[in-house]
Amino acid sequence: MLPKHYEDALNGLRRDIDAVDGKIISLLAERRRHVEQVLALKKEHHQPAYHPAREEDLISDRRRQADAAGLDPEHIEELFRSILRRSRVSQTAHISRRGIRPGAAVLLVGAGGGMGRYFQKWFLDAGYRVRGLDRDGWDHVEELCDGIELAIVSVPIDATISVIERLTPNLPPDCVLADITSIKTAPMTAMLASHSGPVLGLHPLFGPTTSTMDKQIVAVTPGRRPSDCQWVLDQFTAWGAILVETDPKEHDDIMAIVQSLRHFATFSFGRFLWQKCVNLERSLEFSSPIYRLELGMVGRLFAQDATLYSEIIFASSHRRALLLDFVASLAENLGMLENGNKAEFNRQFEQISEWFGPFSEQALRESSYLIDKLIERF
Ligand code: NAD
């Protein structure tokens, strides 16, 4: 039995902590009210919710304040990043309801698909008149295209060129023709060749399960009459997306690495685990956090639709050539393994780590953060 004065003291201290927590919550509510005023002001002046420089300044300030107050700056940064993200998401959600060109008619081609349905919702919520065309709608293509200001092609990669060629004779001359295909060279060439009006290439680097466009990247390949396409880009910015301008070749070269190689390497890892009949559950019980993280990425791939990935991996002969190079590069390691040549491994390792240069530091920092989060939660 603990002495009564201990219980009393403990209860008193707990009440103090509860009172402080109550104040923190009231202060967060007060902060949100100020944020809403900022939102109203931004809305009035058609400004995007996200202001990267302001956020970074704020974080640096809070870190300094934390240090001065004897608190851990890392922890305070994490806390404020979470608060900022929350308020950014709700700001973006408010702003997204406002269209840059409300009432304009937008046609989504491939409207029944994952991305088609996703963008229909966003355009509808922003006040556009949205029309959809899918495989069975071609008999009505003329009516569907009548008076539209934007047509977005969102069909499987294999069908994109033929759909563009079939669609364009029906488009009003000043209509913006855009696509969201994950490759850009062939669709851009086809759009520019068959539509004489404004042309815009887009590639959202996210899928239809993404609930917010906040800070999501959209690659943009300008085609023709950029000033007539600007309102479309402004709409994406208003939804919170970050636009990265590129040209089709650069886009496709980088995407071959970012998407095709990465997914293929992940597929190959998963395939090998399957071939070896690895007991996943048991392996996780012994796992280091980094293995858990890797396995999470592999498992995530196989939780999705095969065609999504086959479309990306087999998108072009250029991509397949890169993957053949990758497999050949793996085979080059055979000799080293067969001979147990550790020295060769070390030599290559040093060489590659020199090539990675300062990025290695960043990679270590970011992956350590992810690992810490994983440990915290699971
Ligand atoms: P999806 O297969 O879910 O949908 C495609 C839709 O196009 C279907 O409704 C299909 O019926 C329709 N379609 C096919 N042929 C057609 C035709 N001839 N005429 C009219 N409609 C036709 O595909 P998705 O995942 O929505 O992808 C669409 C596009 O978006 C692709 O170009 C893809 O590269 C790109 N993209 C997809 C993602 C993603 O994560 N899913 C991300 C970024 C970009």
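The model is predicted, so local features need pLDDT of at least 70 and side-chain atom pairs count only at pLDDT 80 or more, while totals for chains, interfaces and linings use all residues. Residues are numbered from 1 along each chain as its sequence is written, and side-chain values use heavy atoms, with hydrogens and water left out.

Around the ligand there are 22 residues, of which Gly114, Met115, Asp134, Val155 and Ser182 come nearest; a residue is near if one of its heavy atoms lies within 4 Å. By class, this shell has 11 nonpolar, 9 polar and 2 charged residues. Here Ala, Val, Leu, Ile, Met, Phe, Trp, Tyr, Cys and Pro count as nonpolar, Asp, Glu, Lys and Arg as charged, and the others, Gly among them, as polar.

A polar backbone atom of Gly114 is 2.9 Å from an oxygen atom of the ligand. Arg135 has a polar side-chain atom 3.3 Å from a ligand oxygen atom, and an N or O atom in the side chain of Trp138 is 3.0 Å from a ligand nitrogen atom. The ligand taken alone exposes 830 Å², and the protein buries 80% of that (Shrake-Rupley method, 1.4 Å probe). Helix H4 (114-125), H6 and strand E5 (199-204) each give two or more residues to the shell; helices (H or I, at least four residues) and strands (E, at least two) are DSSP runs numbered from the N terminus.

How does H6 pack with H7? Helix H6 (residues 157-167) and helix H7 (residues 185-194) pack at about 5°, with their axes 9 Å apart. Axes are lines fitted to C-alpha atoms, for helices over the stretch in contact, and angles run from 0 to 180 degrees between N-to-C directions. H6 is therefore roughly parallel to H7 (under 35 degrees).

Helix H9 (residues 248-275) and helix H11 (residues 289-302) cross at roughly 95°, their axes coming within 9 Å. That makes H9 roughly perpendicular to H11 (65 to 115 degrees).

Terms used:
Angles under 35 degrees count as roughly parallel, over 145 as roughly antiparallel, 65 to 115 as roughly perpendicular and the rest as oblique. A polar contact is a pair of N or O atoms within 3.5 Å; within protein, one must be able to donate a hydrogen and the other to accept it, and residues adjacent in sequence count only if both atoms are side-chain atoms.
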